Amino acid sequence: MTGMEDSAFAAAVKRLLDQGPAGGPEQLADLVRRTAQAMGLNSAVVFLADLQQRDLVPLPGSRDNDGMWSRPLGIEDTLAGRAYRTTATQSSQDGPAVLWLPLVDGRTRIGVMRAEADEATAEVVDWCRALASATALLVASQATHSDELIRLTRSRPMRVAAEMVWAFLPPTTIGNGRVTSTGLLEPAYQVAGDAFDHALTSDTLHLTLVDAMGHDLASGQSSAVALAGCRATRRAGGSLAEIVTDVDKELAEWVPGRMLTGIFADLDLATGTLEWINCGHPPPLLLRGHHIVSGALERTPVLPLGLGPRYPREHTSHRFALRPGDRILLHTDGLTEARSPAGEIFGDQRLADFVTRAASSGESAQETARRLLHAILDYHQHQLRDDAALLIAEWHPGS
Amino acid sequence: MGTDDAAGLGIQVAYAAGTLTVTLTGEVDLDSVAGLHQAMEEAHAPWGTRVVIDLSGVAFMDSAGIHALLTCYELAQDRGGSLSVTGAHGVVERVLHLSGTLTLFRPPPPGGTRPGLN
């Protein structure tokens, strides 16, 4: 390697961070390549995962010393994809050393970076990791305002209702040393009524999963009101019962004639106590070890939300003590009840089998969520009639 | 009297002694609302009629079906009556249970109304 001074490395990264936010994706591709070269690497190319996490798409204008990178790489079947799936650096040595580094924004995977060097010494790998971290920050910052970047990650136009739902969603994966939570939705370009939220305080993970009736803009409106209502009450310090009361009231007033089912939950990160209110929604599933503990979190639910004042409103919450390593899976009925073109439902058993297999292979919650939604889409031959949403939280204190 | 809606829901209604029995066959979903309401209207049942929805011939229902039943519940209440559900089994019973509506759709005790409902 070049034996570059730390100060030169710092200067290169500083220039990248200074100049990165200003341009669009094409400028970013160029800037990352030039930064890599200033660090003594041969090249660096940035790929972003598409919305459905099937492909890694190079930034426009991406090139290395051998030419342009313009074709997407499959997440399922390439070394690049392996870096994404495992969130771990992959390397190959076929001539110069090639490193594939995951790009991660907070805890959410967003793509990979291909770095090429004459030799992959430990120092070079460290520098590449630092470059990947800085690049991920820049991509995330551009994603808030660059339509070019958003367009790059989409393979087709999005319905208005789906645009609204995605705008309301938090990052798909969040976490800290004690807990990880990941959520996903399909069909990504057509979702309307399903949505999820998760958020952390220093001692609590909050989880919300909702399913608004119907598949139109009013359904998107309904789930958006539920998420906004939940956040407003939660951030003002409200309890689960107060969240449910407020969301119910807002829905009945602003999206009348509709109903919404959902689960609102808090996980105490110190004790592992899960407290939740189930408003007419399929029960949470408990995944312990490699198995779903049947019925562990099934309680009599209260009524769905938004029905209006003629219905009795209760907000009975339930509690359950998790063990370290337990996973909670919240889902909407679109995941299990939707039927294939042949009329057969995916079903609880298939879901249990899938999650059990995924757990025993040791893969991360976000990879399980990604593969599960692909399995559902494949099962329905990409013709989901209902939205399918999933939220998986793992309590791993002391990890 | 019987009808079949586009989605394949069969609706039979019969009125006797203050009770309107609505027997459904097929699948209850979002498209069922109009047909169900029409059938209840056309029965011209008197004020205060107890509506009983018989689901023994229904093999599939999702949460949209629950909403359809809730709109019928409201219609029955608006006419001074009540609505209960009978014959739910299998997936349908499970969906009713999961939606938290089983208690709501239980037949009222003889000669009284359920506590907590107005």
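**View 1. Three salt bridges are counted between domain 1 of chain A and domain 2 of chain A.** The model is predicted. One salt bridge joins Arg54(A) to Asp378(A). The closest N and O atoms of this pair are 3.9 Å apart, and the cut-off for a salt bridge is 4 Å.

**View 2. Seven residue pairs make polar contacts across the interface of domain 1 of chain A and domain 2 of chain A.** Both residues of each pair have pLDDT 80 or more. On the side of domain 1 that touches domain 2, two elements of chain A give two or more residues: α3 (79-86) and β8 (108-117). The residues of that side comprise five charged, four polar and three nonpolar.

**View 3. Domain 1 of chain A and domain 2 of chain A bury about 1,400 Å² between them.** Carbon and sulfur atoms give 43% of this area. Which three residues supply more than any other three of the area that domain 1 buries against domain 2? They are Leu51(A), Gln52(A) and Arg107(A), with 44%.

**View 4. Chain A is assigned two domains, domain 1 (6-152) and domain 2 (160-395).** The C-alpha centres of domain 1 and domain 2 lie 33 Å apart. How many residues of each domain are in contact with the other? Domain 1 contributes 12 residues, and domain 2 contributes 19.

Notes:
Residues numbered from 1 in each chain as written. Chains lettered and ligands numbered in written order. Predicted model: local features only at pLDDT ≥ 70, side-chain atom pairs only at ≥ 80, totals over all residues. Heavy atoms only, no water. Domains from an automatic or database assignment. Contact = heavy atoms within 4.5 Å. Buried area = accessible area lost by both parts, 1.4 Å probe. Salt bridge = Lys/Arg side-chain N within 4 Å of Asp/Glu carboxyl O. Polar contact = N/O pair within 3.5 Å; in protein donor to acceptor, adjacent residues only side chain to side chain. Helix = DSSP H or I, 4+ residues; strand = E, 2+ residues; numbered from the N terminus. Nonpolar A, V, L, I, M, F, W, Y, C, P; charged D, E, K, R; others polar.
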